[in-house]
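Subject: Handing over the structure

Hi,

Here is the structure I promised to pass on, with some notes on what turned up in it. Have a look at it first, then read on below.

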Amino acid sequence: MGMIHGDDYRESLRRVKPEVYYMGEKIDSVADHPAFIPHINAAALTYDMAWAPEFEELLTTESHLTGEKINLFTHVHHSTNDLVQKVKALRALGQQTGSCFARCVGHDALNAIYSVTYDMDQKNGTEYHKSFVNFLKEVQKEDRFISGAMTDPKGDRSLPPSQQADADQYVHVVERKKDGIVIRGAKAHITGAVNALGHLVMPTTSLKEADADYAVCCYVPVDAPGLVHIFGRQTNDDRKCSGCLMDQGNPEYGIVGGEALVVFDDVFVPREQVFMCGEYDFAFELVERFATAHRQNYGGCKVGLADVLTGATYALAEVQGTATASHIRDKLVEMVHLAETLYCCSIACSCQGYALPAGNFMADPLLANVTKLNVTRYIYEMARIAQDIAGGLLATMPSELDWGNTKVGKYVDKYLKGVTDVPAETRMRLLRLIEGMTCGTALAESMHGAGSPQAQRIMIMRRSNWERKKRLAQKLAKIGEQPKLV
Amino acid sequence: MKVAVKYCGSCNPEIALSDVGHKIERALQEAPGINVVSRRSKPIDVMVILCGCPRACGDKKRIRKRAVHCIVVAGETIDLVPVAEKDLTARVVQKVKSFSSAEN
């Protein structure tokens, strides 16, 4: 098979029965609940766009395992061109959804685990890579949407996993059986968790020997016994269930990917789905490779979203009669400058990518971390400019229910109108879209998605060749013995 | 004459690539003697490679190999010659026809 359509994906969600809670209630069918439909629509587009002639070249590729045509999101990158293709595909998708489509996380996990299982086997003589390749073939054949589950709740952050008062603050192995393992703990902020078919669990930090039980990487189907999903609230999420469409801003695709707290309450994982168990000395490698792949993305997808936000802001300025003011034009140019700077970063870290021992490619880690660190700033700056241009109505606008009210609707129409030839409805729709993209959850996602800024700084600190920089300066300043650097 | 259309991937097109592509396909379908076929069919006489910008990502060896002739639209250019977006359809059709008459 190799490639499915968006509706096949929706049907696949109806076939599984995950335990999902939202607003204090257990959800019967994720695929049919209004709280999740926008996130499912966004993920479904990763399938449907792969079939569209216009996007096929970006969203499909050839499996290095079978030679068959597959969806990009199940591919393991084998060149820098592949890495660039991913960034371009993410931008194209972001332009169409204006929101997170969630599928990149599992994709990045596939790439990271593929290489680390190979490295572990080379050193230890284990057979994780073979198991993983078999798993990857299944994923490619079914075009399966999987999530990447890395972040643990972490408890007291001053202590390593093995010294936590509550051992479950990090996912760990509680029992080793002949045919598999039992894991306990939780993963937090997992994007697409409730609308995926399974989770690739990975350690969240570098580990020492005492933490060996926490060095666990495995695949868990979304409806495995003991697995519980608690879906997170988002800013204005009750608008999704209120019957309002305009007030949602982006009713079809929502504002973020849809995150959940995923609890592993003694979940059994069969041996063939275990890809790391106790190899604490490879935990950092896995974290770094996953983080690099994921941080590489943010100058792709977020730039696609920035294209939408800039377009909405420009259109709103036209509707409000301010588009020709020089300061507005200057601010719009600034938005594009910020967005394209992020795109430059993602393209650069992809072009500077390199091969790993397993033969697959990863982006340059230093530049990928710079990309994501910039995202934690530039997206906020773009949002600030959009809100500046939008004006205070962004925060004070009446509901679409009042606009549709027989008594007061005429006042909303009259007093929310901008230029004469454009109805108030147009202005309201643009304002709601900008509100969704710049107020609340969507912004925090840019800050903490793929790791908080400090996580990027730590990687940048590790990857910067400080001693060489120092020697360069010492040489020019004629300090001490002159090192030969050229 | 069998003609196929292939897109670059549309990551951030500088022209309305889908619209341009649909117009070109429609115009080619209406032109006498031209048969628009799937980009995977064989043989193909002319492959129209539609790219949204001058980077021309769709212009790849493996795609060129599929056809006897190729026409590369890359933003507001056809085979590196500047052409306004509004004129792209007519110029592509004209170029396809020129291959046809040359072979006759």
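Before the first residue, one term: two residues are in contact when heavy atoms of theirs lie within 4.5 Å. Please also keep in mind that this is a predicted model.

**A loop residue that is buried**

Let's begin with V194(A), which sits in the loop of chain A that runs between β7 (180-191) and β8 (198-201). Which residues does V194(A) touch, not counting residues up to four places away in sequence? They are V20(A), V30(A), F36(A), H229(A), F231(A) and A260(A). Its relative accessibility is 3%, so V194(A) counts as buried. For a sense of distance, V194(A) and A224(A) are separated by 30 residues in sequence and by 13 Å in space, C-alpha to C-alpha.

**Another loop residue**

P34(A) is also worth a look, in the loop between β2 (25-26) and α2 (37-51) of chain A. Is P34(A) buried or partly exposed? With a relative accessible area of 37%, P34(A) is partly exposed. Leaving aside neighbours within four places in sequence, P34(A) has K240(A) and C241(A) as its contacts. From P34(A) to D156(A) there are 122 residues in sequence and 36 Å in space, C-alpha to C-alpha.

Nonpolar side chains tend to be buried together in soluble globular proteins. In this model, the largest nonpolar core has 139 residues, and F36(A), I183(A), L200(A) and V220(A) are the members that touch the most others. Helix α7(A) gives the most to this core, with 15 residues. As for I183(A), its contacts beyond four places in sequence include V171(A), V173(A), V216(A), C218(A), V220(A), F264(A) and V269(A), and also H172(A), D265(A) and D266(A). There is a second, separate core as well: its 36 residues include A4(B), I34(B), V46(B) and M47(B).

T313(A) has its place in helix α7 of chain A, which covers residues 283-320. What is the relative accessible area of T313(A)? The value is 0%, so T313(A) is buried. Beyond its neighbours within four places in sequence, T313(A) is in contact with L332(A), M335(A), A386(A), I389(A) and I434(A).

**Where the two chains meet**

Finally, the interface: 14 residues of chain A are in contact with 16 residues of chain B. About 1,200 Å² is buried between chain A and chain B, and carbon and sulfur atoms give 40% of that area. On the side of chain A, E54(A), E57(A) and K88(A) lose the most area to chain B, together making up 51% of what that side buries.

How many salt bridges are there between chain A and chain B? The count is six. E56(A) and K6(B), for instance, meet through their side chains in a salt bridge, at 3.2 Å from N to O. The elements of chain A that give two or more residues to the side touching chain B are α3 (56-59), α4 (80-97) and α8 (326-351). Of what chain A puts forward there, α4(A) gives the most, with four residues. By class, this side of chain A has eight charged, five nonpolar and one polar residue.

Enjoy looking around!

Best wishes

Conventions: Residues are numbered from 1 along each chain as its sequence is written. Chains are lettered from A and ligands numbered from 1 in the order in which they are written. This is a predicted model: local features need pLDDT of at least 70, side-chain atom pairs count only at pLDDT 80 or more; totals for chains, interfaces and linings use all residues. Side-chain values use heavy atoms; hydrogens and water are left out. Buried means under 20% relative accessible area, exposed over 50%, partly exposed in between (1.4 Å probe, protein chains only). A nonpolar core is a set of buried Ala, Val, Leu, Ile, Met, Phe, Trp, Tyr and Cys residues joined through side-chain atoms within 4.5 Å. Buried area is the accessible area (1.4 Å probe) that two parts lose on being put together, summed over both. A salt bridge is a side-chain nitrogen of Lys or Arg within 4 Å of a carboxyl oxygen of Asp or Glu. Ala, Val, Leu, Ile, Met, Phe, Trp, Tyr, Cys and Pro count as nonpolar, Asp, Glu, Lys and Arg as charged, and the others, Gly among them, as polar.
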